[in-house]
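Work through the exercises below with the sequence and the model in view. Each task is followed by a solution in steps.

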Amino acid sequence: MKKQLLEKYAKLIINVGINPNKGQKLVISCPVDCAEFGRLCLSAAYDAGCGEVIMNWSDDYCGRETYLKADAEVFESFPTWRKQFFDDLAAEGAARLSIYASDPENLKGVDPKRISSYQKASGKALENFRMLQMKNAFPWCVVSVPIDSWAKKVFADKEENEAVEALWNAILKTVRIDEENDPVQLWKEHIALLTERKNKLNSYKFKYLKYKNSLGTDLTVELPEGHYWEAASEKAGTGQIFVPNLPTEEIFTAPKFDGVNGVICASKPLVLDGNVIENIRFVLKDGKITEAYADTAVDVLRNAIAVDEGAAYLGEVALVPYDSPISNTGILFYNTLFDENASCHFAFGDSYPTIEGGNEMSAEELKAAGLNSSMTHEDFMVGTADLSIVGVTGNGTEIEIFKNGNFAF
Ligand code: ZN
Ligand code: ZN
């Protein structure tokens, strides 16, 4: 990929995704395979006024080898020094950029117990950090760049180099970058459009959403009183407007955690903990996933919804039209950042505090208001070309929100 385009992308990520304050610290989590792009982001961050940029490197190979070969007790605790790394920087209001790129099947064959032990240990240790992030105490942004293994999974019929190039082209398209354009202006327009639709949803103050499609989804989702829909850009506790995901096409809120009933069928595979999970089906009663099925890696799925009490409840309801730019590429990305923005989705696990006054509420107050809490948060995709969503307002009026997979208004 041309360096000029990569620099444009890095600049967009820093200036629109993070939008750092003068002197703000930034932590960049980056796989070693994406080092070149990580360096461009670091450089763009200094140009944008960051005071210090701290690189937090990771590596698929080392991660897998550790899961396969390390002593079992390694996965049962989370070192204090590592917890400190997250907590101290969060307390300083350091921004966080995550460049996410991984082989979708990196942990295939790893004992799922090791994965869930480590999730429990790290989830517990990073509880405070996670809460600060969910409340946007500091700006944060998740983006992606291709690596060989992931590109080969997406474009299985192409040679490695061609696959990487094809994935680059697809990603740059989803983030609205080409050689000629001014992506910052395009993003302004895109954010304005999502905001307009979000405001419309907010004006209805829906009490329930009813989902139906031919895959078998038949679900009623209660929304908590005082909920609001959120989209695209958010305001950080450190003052600036930032965009948590590039790309982003979703408008989302939180369900009432104990008010979801029926059946949900996933419409795309989910890459979860280094495994590809196909054809997820959940049965929910009073918000709890009481039955979970999948055609592959079902044990990984069942472990994921059992990491804690809240993992088996939903924490996000998100609307994305079937005809959206990412969906229309026709590419299955095997990467939630892209696949969730190509499809209506839910998440199991933690809720963002999308309720009036939510950012000031304690964990207990949020729970009492009907918002789920968990150490995990995993989006899974449910949108189809025939999905219908009907909203029911407080006085029982029914409003068509989605017809044939797209917004009805
Ligand atoms: Zn989402
Ligand atoms: Zn989510």
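**Exercise 1: an edge of the sheet**

Two bridges connect strand 20 (residues 398–403) with strand 21, and these strands run antiparallel. This is a predicted model, in which local features need pLDDT of at least 70, side-chain atom pairs count only at pLDDT 80 or more, and totals for chains, interfaces and linings use all residues. Residues are numbered from 1 along each chain as its sequence is written, chains are lettered from A and ligands numbered from 1 in the order in which they are written, and side-chain values use heavy atoms, with hydrogens and water left out.

Task: find the bridge partner of Lys-403 in strand 21, then state which strands are the edge strands.

Solution.
1. Strands (E, at least two residues) and helices (H or I, at least four) are DSSP runs, numbered from the N terminus.
2. Lys-403 has Asn-406 of strand 21 as its bridge partner.
3. Two strands pair if DSSP finds at least two bridges between them.
4. Eight strands make up an open sheet, ordered 15-14-11-6-5-19-20-21, with antiparallel pairing.
5. Strand 15 (288–293) and strand 21 (406–407) are the edge strands, each pairing on one side only.

**Exercise 2: the zinc ions**

Task: list the residues that coordinate the zinc ion (ligand 1), and name the residue that coordinates both zinc ions.

Solution.
1. Donors are N, O and S atoms within 2.8 Å of the metal (3.2 Å for Na, K and Ca); water is not among the atoms, so sites may look incomplete.
2. Glu-250 (OE), Glu-316 (OE), Glu-340 (OE), His-345 (NE2) and Asp-379 (OD) coordinate ligand 1 at 2.0 to 2.6 Å.
3. Along the chain, the donors of ligand 1 have the spacing E-x65-E-x23-E-x4-H-x33-D.
4. Glu-316 coordinates both ligand 1 and ligand 2, two zinc ions that are 3.3 Å apart.

**Exercise 3: two helices**

Task: describe how helix 3 and helix 5 are packed.

Solution.
1. Helix 3 (residues 60–69) and helix 5 (residues 112–125) pack at about 110 degrees, their axes 9 Å apart. Axes are lines fitted to C-alpha atoms, for helices over the stretch in contact, and angles run from 0 to 180 degrees between N-to-C directions.
2. Helix 3 and helix 5 are therefore roughly perpendicular (65 to 115 degrees).
3. In contact (heavy atoms within 4.5 Å) are Thr-66, Tyr-67, Leu-68 and Lys-69 of helix 3 with Arg-114, Ile-115 and Tyr-118 of helix 5.

How values were computed
Parallel < 35°, antiparallel > 145°, perpendicular 65-115°, else oblique.
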